[in-house]
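Here's a quick tour of the salt bridges in this structure. Have a look at the sequence and the model first, then read on.

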Amino acid sequence: MTDIAWIDLALASARPKALGALLRYFRNLDTAEEAFQEACLRAIRTWPEKGPPRDPTAWLIFVGRNSGIDAVRKRAKIQALPDEDQISDKEDAESDIADRLDDSHYRDDILRLLFICCHPDLPATQQIALALRIVSGLSVTQIARAFLVSESAMEQRITRAKARVAKAGVPFETPSPQERAERLVIVSTMIYLIFNEGYSQADPEQEAAAFSDEAIRLARLMLHIFPAEPELMGLLSLMLLQISRRQARFSAEDEIVLLEDQDRSLWNQPLINEALALLDKALRHRKPGPYQLQAAIAAVHSRAKRAADTDWVEIDLLYRALERVQPSPVVTLNRAVVVSKLNGPQEALDLIEPLGEKLDGYFYYHGLRGNLLKQLGRITPARIAFDRAIALAHSAAEAAHIRRQIDKMQEEAAQPAAK
């Protein structure tokens, strides 16, 4: 690995930790970002010549802090800076920072950095873009390409999002255990949003496809600093189980391959093994939450050697538990798939019909409803449901999948007439 490649890797790895600490020092996101960027520039200039520091993260915090203080003083806008004994260069300050990196406040630095990206007034797409820019360090160009918008449009989105976050007044005091738990829930949701943005991409070469890997990296980071949180274990397990099927989810023609039709030899067994071990560890805490239950459902599928071996009874029980823990029409919709396997399409259709008003704008509702109606031989309403699903499709692959179902349904309906 070249010096530059190693430095890039070190800077990317250190970013959440260093930027989180700088945000706590300056209590201003722009100032913290500028300080970190200046520290990175100095690292690129000095590390190849002098060699890497003992602790790159501590070095970046130390240099970035001093650089940020200088910049603030030059702008003559010094406000609530840390006490002088905290910011003065006394003895081996870099070593002191390194020694304190594992303190409890450090964990909250990273949690806060992720938390500020999850402002409830921000649309999900802006939360994702902000997290990818601030926490992951992706360029505006990379994020814009992933979301298929112009660079200037994405720059404006991120700028507006940062302005809204700045007005929100995120508290910098050490959170209480209850506040920390609430932040973990919100941050976990945002990480899963990032994962799904990448998981839905058919082409692994697309910019957004890498979002899934970035979400897994962030989940690993969170689990490293909060190692006893069973829901973080569940979240990481769920994402690993889902990503283990990446190579089997789409055909060579980028067509969607349903779970029951996938070539299971293409599933990534090492990732499955890691995920199952994580899930077992989480469940031993006896505090089941939504991510653990979703991971448990995915685990049942992963343990089945063939689609015919799937334990649908166990999956139904898990979905019922998930409905109690996190009531949602989407959870009920997913359970309807299981009900159709166990008790037939009519009972599944009866289960989802009351969800029509809430899920009228949801692609998967109309896709499942059309499929159930097709199984019952109700061709005309099935076609209407499929057409609605196509109108709501998020990708060409989703729309093409529904069109293939329509074609197959019409071919089957024409067969008796041909006889």
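Helices here are DSSP runs of H or I with at least four residues, strands are runs of E with at least two, and both are numbered from the N terminus. What you're looking at is a predicted model, where local features need pLDDT of at least 70 and side-chain atom pairs count only at pLDDT 80 or more, while totals for chains, interfaces and linings use all residues. Residues are numbered from 1 along each chain as its sequence is written, and side-chain values use heavy atoms, leaving out hydrogens and water.

**The overall count**
- Searching the whole structure turns up 17 salt bridges, each being a side-chain nitrogen of Lys or Arg within 4 Å of a carboxyl oxygen of Asp or Glu.
- Arg15, Asp30, Glu33 and Lys162 join up in a network of salt bridges.

- Arg383 pairs with Asp387, with the closest N and O atoms 3.0 Å apart.
- Both Arg383 and Asp387 sit in helix α19 (residues 379-392), four residues apart, or about one turn of the helix.
- Arg320 and Asp316 form another salt bridge (3.1 Å, N to O), and both belong to helix α15 (residues 312-325).
- Asp316 is buried at 10% relative accessibility, whereas Arg320 is partly exposed at 39% (buried is under 20% relative accessible area, exposed over 50%, partly exposed in between, with a 1.4 Å probe and protein chains only).

**A pair that links separate parts**
- Asp213 makes a salt bridge with Arg246, at 3.3 Å between the closest N and O atoms.
- Asp213 lies in helix α11 (residues 211-225) and Arg246 in the loop between α12 (230-243) and α13 (269-283), so this pair ties together parts 33 residues apart in sequence.
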